[in-house]
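User: I'd like to go through the charged side chains in this one with you. Could you start wherever you like once it is on screen?

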Protein chains: 2
Amino acid sequence: MKDADRLREARAIVNELLVDIFNRILAIESESLKDKGVKLSMSEIHVLEAITKTDEPTMTNIANKLGITVGSLTVSVNTLFQKGFVSRERDPEDRRKVIIGILPKAEEVLEKHNDFHNEMINSIFNDLKLEEDELLISSLRKLSSYFKQ
Amino acid sequence: MKDADRLREARAIVNELLVDIFNRILAIESESLKDKGVKLSMSEIHVLEAITKTDEPTMTNIANKLGITVGSLTVSVNTLFQKGFVSRERDPEDRRKVIIGILPKAEEVLEKHNDFHNEMINSIFNDLKLEEDELLISSLRKLSSYFKQ
DNA sequence: AGAATAGTTTTGAAGTTCAAAGTATTTGAA
DNA sequence: TTCAAATACTTTGAACTTCAAAACTATTCT
């Protein structure tokens with residue numbers, strides 16, 4: 001087989017795998033949480049996750065992290081606030097901003113969600129050698145930066 | 001830095017990148033299509049894509065490929081049929097089955113969608129060496145098989 | 001103070017999805 | 001053979017997510 005053919009095949013496989021993963025990940029993730037007795041929807045989980053991973057967790061910053069509008073985020077935060085998963089307070093420095101915080105009830109849930117992510121990452125890393133990690137990381141980094149261009 | 005630390009760091013990065021990609025891919029994909037004058041939503045595009053990639057494209061098989069219920073697929077196919085993107089006909093061998101087909105109007109759209117996927121894949125492969133492909137593929141394959149467990 | 005700006009919330013509409021109930025067809029066991 | 005169960009699909013109603021636009025509040029600028 002020629003190199004060009006091999007490359008074409010490799011691309012096709014990577015593409016197919018990405019599509020497959022994309023199509024299944026949400027459903028499986030949500031099932032995994034249901035099994036663990038978590039009542040929240042996946043989008044609510046992702047909001048909680050984004051809050052913990054946003055440096056200055058204002059509405060605008062969190063919405064950017066998630067790639068949704070601030071209006072959509074407000075709707076979601078409303079119910080999370082009402083259910084007692086997050087706190088909300090004005091920034092004393094700039095009282096236009098609302099800082100969102102995670103409450104203990106949410107930390108529990110995020111821990112269970114993390115288990116899922118860890119299992120997922122395990123399944124990739126299990127029999128990779130250390131020096132091979134770099135390549136995987138650089139591939140994904142390229143993909144991610146392509147999306148942020 | 002110890003190997004264990006390096007591994008922990010690698011996992012964290014891979015996880016973060018996957019989450020990032022997941023959060024952005026849909027929005028960007030949909031914007032890319034809007035730029036190209038395509039009127040369909042992403043989920044409609046994914047239905048079309050799944051039809052072309054399912055061996056015997058019955059409702060059940062396509063729904064499985066997509067990871068949604070057959071009922072949901074029916075709703076989507078209803079509008080795609082009405083807009084003239086897909087054909088629908090009973091399987092003469094087993095008249096319970098409905099075989100879905102892609103019409104020319106849909107092929108045009110899928111071509112544009114493919115451009116997006118190709119650009120995406122390009123951005124990963126651009127400066128990978130041939131022998132490195134295998135590793136990337138095997139990593140993704142593991143991830144994908146983990147989801148199909 | 002008044003106008004402009006920034007951050008957030010509210011609202012209405014559209015789209016996606018599921019679960020449950022209903023229809024049509026096929027299969028298989030009595 | 002016949003009819004009950006299984007299979008394939010569609011319909012329906014409800015819940016959820018999201019967006020765009022308008023409204024509101026707080027802050028900054030002139």
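Analyst: Let me begin with E56(A), which is partly exposed at a relative accessible area of 32%. Please keep in mind throughout that this is a predicted model.

User: Which side chain does E56(A) meet in a salt bridge?

Analyst: The partner is K97(A), and the two side chains form a salt bridge with an N to O distance of 3.5 Å. The pair connects distant parts of the chain, 41 residues apart, with K97(A) in the loop between β1 (86-90) and β2 (98-102) of chain A and E56(A) in the loop between α2 (42-52) and α3 (59-66) of chain A.

User: And how accessible is K97(A)?

Analyst: K97(A) has a relative accessibility of 30%, so it counts as partly exposed, since that class runs between 20% and 50%.

User: R8(A), buried or exposed?

Analyst: R8(A) counts as exposed because its relative accessibility of 52% is over the 50% cut-off, whereas D5(A), with a relative accessible area of 33%, is partly exposed.

User: What about chain B, which side chain does R96(B) meet there?

Analyst: R96(B) meets D94(B) in a salt bridge, with 2.8 Å between N and O, and R96(B) itself is exposed, at a relative accessible area of 69%.

User: Switching to rings, what lies over the face of F85(A)?

Analyst: That is K105(A), placed 4.9 Å from the ring centre of F85(A). In chain B, the charged end of K105(B) sits over the ring of F85(B), at 4.9 Å from its centre.

User: Last topic, confidence: where is it lowest in chain A, and where is it highest?

Analyst: In chain A the lowest confidence falls in helix α6 (residues 130-148), with a mean of 72, and the highest is in β2(A), at 94. For chain A as a whole the mean pLDDT is 85, and 93% of its residues reach 70 or more.

Note on methods:
Residues are numbered from 1 along each chain as its sequence is written. Chains are lettered from A and ligands numbered from 1 in the order in which they are written. This is a predicted model: local features need pLDDT of at least 70, side-chain atom pairs count only at pLDDT 80 or more; totals for chains, interfaces and linings use all residues. Side-chain values use heavy atoms; hydrogens and water are left out. Buried means under 20% relative accessible area, exposed over 50%, partly exposed in between (1.4 Å probe, protein chains only). A salt bridge is a side-chain nitrogen of Lys or Arg within 4 Å of a carboxyl oxygen of Asp or Glu. Helices (H or I, at least four residues) and strands (E, at least two) are DSSP runs, numbered from the N terminus. A charge sits over a ring if NZ of Lys or CZ of Arg is within 6 Å of the ring centre and within 35 degrees of the ring normal. pLDDT is the predictor's confidence in each residue, from 0 to 100.
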